[in-house]
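Here are a few notes to go with the model you are about to open. Take them one at a time, with the structure on screen.

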Amino acid sequence: MSFTDLFRRKSTATILKQGGDGDHATGLHKVLTVRDLTFFGIAAIIGGGTFSAIGNACFSGGPGVILLYVICAIACGFTAMCYAEFASRVPVSGSAYTYAYVSFGELFAWIIGWALIMEYSIGNIYIAFSWSGYFTNLLESFHIHLPEWLTINYQSAHSAFLENKQGEGFNAWQNAPMLGSLKVIFDMPAVVINLLITYLVYKGTKESKNFSNVMVMIKLAIIALVIVVGAFYVDIDNWTPFMPNGFGGVMAGVSAVFFAYIGFDAVSTLAEEAKNPQRDLPKGMIYSLVICTVVYIILAMVLTGMVSYELLGVSDPLAEIFALKGVKWMLFIVSIAAVVAMTSVMLVFQMGQPRIWMTMSRDGLMPKKFAEIHPKHKTPGFATIVTGCVVGLPIFFTDENFVLDFTSIGTLFAFVLVCGGVLMLSPQSEAELAERQTKGKFRIPYINSKFIFPVLVIGSGLLVHYLFPTFFADTFDFSGDKFATNISMVVFFILCAVMTVIAFMKNLSLIPLLGLISCCYLLTGMAVSNWKWFGVWLVIGLVFYFCYGYKNSKLNFNKIEPTLED
């Protein structure tokens with residue numbers, strides 16, 4: 001095995017010859033406009049993040065969590081521009097996996113494809129749990145009560161029992177029926193919705209653009225109603241202190257906040273359906289990010305203003321605040337909106353994962369079975385069923401908080417590679433730049449980071465030291481258990497120093513560089529346990545690649561002509 005083979009890349013010409021992407025795409029109608037892409041982005045973003053993850057973020061950060069929403073939005077904005085640059089320079093369907101194949105090579109393409117499993121498949125586990133919470137509330141409004149052991153996962157119930165924490169989990173553990181020596185405890189609504197979504201995707205059912213647009217308008221209208229009604233119950237005393245757990249508490253909510261944004265990259269999978277993807281795709285992603293950021297900030301202010309942030313660490317925060325205030329009619333409306341919103345997000349994600357696996361299979365990195373198209377339904381049937389299993393089985397033995405952190409760290413890692421991939425692309429000729437400008441294709445404006453980035457790094461360091469005088473001293477304190485929690489920030493400092501030198505020497509483009517750095521900064525907010533599990537996940541993926549993917553790759557044995565240069 002040659003070391004250089006691990007970084008063999010697919011050229012754009014090779015991708016087009018394979019078919020299924022860009023100008024050689026088959027069977028997909030180019031009907032989506034900027035408005036459609038923007039609405040699709042909002043549909044993917046406003047779901048679990050709005051109706052569930054925002055509660056955990058407010059719980060850990062208090063009212064100051066709005067700062068984290070802004071930081072995440074900026075990081076995602078830079079990343080969205082990098083996605084758009086790839087969509088213009090590499091005329092394919094918009095998969096980050098394929099982008100990595102073009103820029104970094106096969107090994108990194110595999111890693112990013114493996115990481116995307118966490119975003120699309122495992123992320124749906126969290127959405128399924130959240131969907132279950134709102135669906136159960138909806139049933140309660142009709143006086144239909146499911147027993148506790150059918151509305152909570154086994155892990156959460158067991159933990160509640162061990163901690164003697166009274167409530168749903170404790171009651172579920174106490175009252176659950178026995179199957180031999182095993183207590184029967186599982187989240188039935190979450191299991192059922194996963195089965196239904198998997199069946200719909202397997203059968204080929206998908207939302208049309210008109211239905212998607214209507215759903216977005218309904219969701220935005222209901223969220224606006226939540227904000228307006230909630231504003232009457234805001235007590236400004238709840239906004240003090242602004243950061244009850246300090247900036248560290250704000251950053252502790254990074255998993256929950258970033259999870260709210262990961263849906264925007266689903267827009268990149270629609271390049272083949274867009275009328276002018278090079279022009280409209282970046283606009284759709286940026287517009288949807290701006291709209292959703294404004295919504296999230298206002299919503300976070302209303303939530304933390306209505307009740308104390310300490311009461312928001314639940315899976316259904318929007319329903320919880322109105323339940324605490326006794327506004328039962330809003331509880332009903334919020335539950336309906338959440339069920340509809342998260343159903344559509346699950347459908348989008350459950351459709352995205354089989355597509356990625358299908359592409360990886362066509363490249364030889366996954367078994368051929370994943371690329372099989374069902375003869376009747378014209379869907380990647382086997383890959384869809386496997387996706388349903390990947391989502392469904394963990395529902396029985398894991399909990400939503402672990403899944404949330406696991407999903408966010410994998411997605412952030414993928415975004416880092418996308419931003420880095422743009423920096424790796426070779427410069428274009430004057431003729432290519434002129435063609436892109438003439439045809440209205442998007443390209444990231446080149447801003448030389450030679451002096452700007454060093455100034456930003458030094459200025460940011462001075463500002464942090466002024467606002468938080470003990471920050472650097474605390475970060476470099478490795479006594480006791482602090483080494484494990486501080487090491488990620490120290491590594492980030494080293495990365496900033498290295499990239500400052502490289503930016504000065506290589507005149508790197510500023511925007512993708514800022515995307516890379518901002519996503520890496522968000523990674524520092526991940527807990528040590530998240531890094532350990534991510535490491536385990538990565539090792540499993542690498543074992544699979546070296547045992548199967550490497551030798552079966554279509555770039556191997558000259559099955560497809562590889563490229564080591566752009």
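1. Start with a term: a nonpolar patch is built from residues with over 30% relative accessible area and no salt bridge, whose nonpolar side chains are joined within 5 Å. Keep in mind, too, that what you see is a predicted model.

2. Which residues form a nonpolar patch on the surface? They are Phe142, Ile144, Phe332, Ile336 and Val340, and together they have about 400 Å² of accessible area. Have a look at Ile336, which sits in helix H15 (residues 328–362).

3. Next, find His143. You'll see it in the loop between H6 and helix H7 (154–162). Is His143 buried or exposed? It counts as exposed, because its relative accessibility is 75%.

4. Asn507 also has a positive phi, about 55°, without being a glycine. This residue lies in the loop between helix H21 (482–506) and helix H22 (510–523). Asn507 counts as partly exposed, at 30% relative accessibility.

5. While you're checking the backbone, stop at Thr240 and Pro241: the peptide bond joining them is cis, with omega about 0°. Most peptide bonds are trans. Pro241 belongs to the loop between helix H10 (209–231) and helix H11 (246–251).

6. Now the helix packing. Helix H6 (residues 106–141) and helix H23 (residues 528–552) have axes that come within 10 Å and cross at roughly 130°. That angle makes H6 and H23 oblique to each other, and H6 passes H23 in a right-handed crossing.

7. How many salt bridges are there? The count comes to two. One of them pairs the side chains of Glu106 and Arg8, at 3.0 Å from N to O. Glu106 is in helix H6 and Arg8 in the segment before helix H1 (12–18), so this pair ties together parts 98 residues apart in sequence. Glu106 is buried, at 0% relative accessibility, and Arg8 is buried as well, with a relative accessible area of 3%.

8. Another salt bridge joins the side chains of Lys369 and Glu372, at 3.3 Å from N to O. Here Lys369 counts as partly exposed at 39% relative accessibility, and Glu372 is partly exposed with a relative accessible area of 40%.

Methods. Residues numbered from 1 in each chain as written. Predicted model: local features only at pLDDT ≥ 70, side-chain atom pairs only at ≥ 80, totals over all residues. Heavy atoms only, no water. Patch = residues over 30% accessible without salt bridge, like charges linked within 9 Å, V, L, I, M, F, W, Y side chains within 5 Å. Areas by Shrake-Rupley, 256 points an atom, 1.4 Å probe, with all protein chains shown as cover. Salt bridge = Lys/Arg side-chain N within 4 Å of Asp/Glu carboxyl O. Helix = DSSP H or I, 4+ residues; strand = E, 2+ residues; numbered from the N terminus. Axes fitted to C-alpha atoms, helices over the stretch in contact; angles between N-to-C directions. Parallel < 35°, antiparallel > 145°, perpendicular 65-115°, else oblique. Left-handed = near helix turned anticlockwise from the far one by under 90°. Buried < 20%, exposed > 50% of the residue type's maximum accessible area, 1.4 Å probe, protein only.
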